[in-house]
Amino acid sequence: MQQAWLKYDVGQCGYCQPGQIMAAVALVKQISSEGRQISDADIDSLRNICRCGTYARIREAIVEAAGNM
Ligand code: FES
């Protein structure tokens, strides 16, 4: 997940990033344990707020990491 975060240059101010990454890892592990692919609805279920509005890059990083974890 951290590698995907760096690849997509997700962080802006960085304030929310530790929580975003932890939530993303937990989500991907949950989806993986259910034996299915991550969906847009799964990512939409994350409720961490980013005041910098990096949601598009967060989404890209999660999709990439889900394929590699
Ligand atoms: S990167 Fe600034 S609050 Fe998310």
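**Pockets, a cavity and one threonine**

Author: Helices H3 and H4 each supply at least two residues of the lining of the second largest pocket. Keep in mind that this is a predicted model.

Reader: Which helix gives the most to that second largest pocket?

Author: H4 does, with four residues.

Reader: And which residues line the second largest pocket?

Author: The lining is made of Gln20, Ile43, Asp44, Leu46, Arg47, Asn48, Tyr55, Ile58, Arg59 and Ile62. By class, that lining has five nonpolar, two polar and three charged residues.

Reader: How much space lies in the second largest pocket?

Author: About 160 Å³. The largest pocket holds about 220 Å³ of space.

Reader: Which elements give two or more residues to the lining of the largest pocket?

Author: Helix H2, residues 17–33, and H4. H2 gives the most, with four residues.

Reader: Give me the residues for the largest pocket.

Author: Its lining consists of Val28, Lys29, Ile31, Ser32, Gly35, Arg36, Gln37, Ile38, Val63, Ala66, Gly67 and Met69.

Reader: How do the residues of that lining divide into nonpolar, polar and charged?

Author: Six are nonpolar, four polar and two charged.

Reader: Now cavities. How many of 30 Å³ or more does the structure hold?

Author: One. The largest cavity has about 30 Å³ of space in it.

Reader: What lines the largest cavity?

Author: Cys13, Gly14, Tyr15, Cys16, Gln17, Cys50, Arg51 and Cys52. Five residues of this lining are nonpolar, two are polar and one is charged.

Reader: Changing topic to Thr54. Where is it found?

Author: Thr54 is in the loop between helix H3, residues 40–44, and helix H4, residues 55–68.

Reader: Does Thr54 count as buried or exposed, and why?

Author: Thr54 counts as buried because its relative accessibility is 1%, and the cut-off for buried is under 20%.

Reader: What is Thr54 in contact with, leaving aside its neighbours within four places in sequence?

Author: Val10, Gln12 and Gln17. Gln17 is also one of the residues that line the largest cavity.

Reader: Back to H4 for a moment. Which residues does the loop with Thr54 lie between, in terms of helices?

Author: The loop runs between H3 (40–44) and H4 (55–68). Those two helices each supply at least two residues to the lining of the second largest pocket, and H4 is also among the elements that give two or more to the lining of the largest pocket.

How values were computed:
Residues numbered from 1 in each chain as written. Predicted model: local features only at pLDDT ≥ 70, side-chain atom pairs only at ≥ 80, totals over all residues. Heavy atoms only, no water. Buried < 20%, exposed > 50% of the residue type's maximum accessible area, 1.4 Å probe, protein only. Contact = heavy atoms within 4.5 Å. 1 Å grid on protein atoms, 1.4 Å probe; cavity = no way out; pocket = protein on both sides within 12 Å on 5 of 7 lines; lining within 4 Å. Points joined across faces, edges and corners; volume = space filled by probe spheres on them. Nonpolar A, V, L, I, M, F, W, Y, C, P; charged D, E, K, R; others polar.
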